[in-house]
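Student: Could you take me on a close look at one helix in this protein and what surrounds it? I would like to follow it step by step.

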Amino acid sequence: MKSTTQVGPSGLIIVDKPQGWTSHDVVGRMRRLAGTRKVGHAGTLDPMATGVLVVGINKATRLLTYIVGTSKTYDGTIRLGQSTRTDDAEGEILTEHIAAAVTEEGIREQVRALTGEIMQAPSSVSAIKINGERSYARVRSGENVELPARPITVHRFDVHDVRRIRGGQLVDVDVTVDCSSGTYIRALARDLGDALGVGGHLTALRRTRVGPYALEDASTLEELANNLNVLALDDAARALFPARELTEKEAVDLSFGRRISAVGSPTTGPTAAFAPDGRLMALLEDRDESAKPLLVFSADDGGSSR
């Protein structure tokens, strides 16, 4: 169940982004609905894509860096037999090959090869910066851009359906991908088509999960216009990080900038530290015998929904 707060306090809004909207468009709408300029998002969705876009308001924008790095899940459709300039349906078709000889067994074999820890070259029309300029801007200006491959992890790459269209000349493949941050699903579509020798691109994409935040937690823009559901900062942090319940003394020490002891149990990444009243006080990281604050939240940050 989603927690709600009144407009104004800090928190996350889990948006079901509609097709045709940029992530920046959604941030602009949330600024108007929440009545604050301090709004950001955790991971761009292309205009063609729909689904989970995590938006932070006020002090919760400080959590977005950590959310960007979480794993994500997508449902999509890959079309084999055509490659496009953008590796998705929004770009012009560059090549066409009859995909009648492509078998379902061959598709699944190449999908397995694209699963696990792999190297992936991002799409040239991605938002990655090259010498301070977005790659897609260089492509639009006529430059031929080839981005270097980088390591990603595809945890799961499931094939649900294989359909032959246009008399069997093209093949549509419905998939689910669970992957690390930095993975481009349209690049997977491109690479699958290249491996099969017929080219490929993405025709549909829906993000169903970002870290702990799933599609069932999301609201459409129309729903948010009527009722701005905000996941309170405290609850957002509990879903995202391991929790440390502070004693009264530890909470006082932390509020005065004094060191407190390390968590004392194996953890990876930050730990969310909560005061005895349930309020998020800080994100901590163990450094030897002490817990070092990475972020500190004051009592008036609007984190508590209690």
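Tutor: Happy to! Helices (H or I, at least four residues) and strands (E, at least two) are DSSP runs, numbered from the N terminus. Counted that way, the protein chain has 8 helices and 19 strands. This is a predicted model, where local features need pLDDT of at least 70, side-chain atom pairs count only at pLDDT 80 or more, and totals for chains, interfaces and linings use all residues. Residues are numbered from 1 along each chain as its sequence is written, and side-chain values use heavy atoms, with hydrogens and water left out.

Let's settle on helix α7, which spans residues 233-240. To judge its cover, we call a residue buried under 20% relative accessible area, exposed over 50%, and partly exposed in between (1.4 Å probe, protein chains only). Across the protein chain, buried residues make up 51% of the 306 residues. Helix α7 is mostly covered, with 6 of its 8 residues buried. Those buried residues are Leu233, Asp234, Asp235, Ala236, Ala237 and Leu240.

What do the buried residues of α7 pack against? Taking a contact to mean heavy atoms within 4.5 Å, their partners are the strands β1, β13 (213-214), β14 (231-232), β17 (271-274) and β18 (280-287), together with helix α2 (64-68).

Now step into the loop between α7 and β15 (243-245), where you will find Phe241. Rings of Phe, Tyr and Trp (its six-membered ring) pair if their centres lie within 6.5 Å; planes under 30 degrees apart count as stacked, over 60 as edge-to-face and the rest as tilted. By this rule there is 1 aromatic pair. The ring centres of Tyr66 and Phe241 are 5.5 Å apart and their planes meet at 80°, so this pair is edge-to-face. Tyr66 belongs to helix α2, and the two residues are 175 residues apart. Why is Phe241 classed as buried? Phe241 has 8% relative accessibility, so it counts as buried, whereas Tyr66, at 26%, counts as partly exposed.

One more stop is Arg238. A charge sits over a ring if NZ of Lys or CZ of Arg is within 6 Å of the ring centre and within 35 degrees of the ring normal. Arg238 lies over the face of Phe274, 3.8 Å from the ring centre. Elsewhere, the charged end of Arg62 sits over the ring of Phe297, 4.9 Å from its centre.
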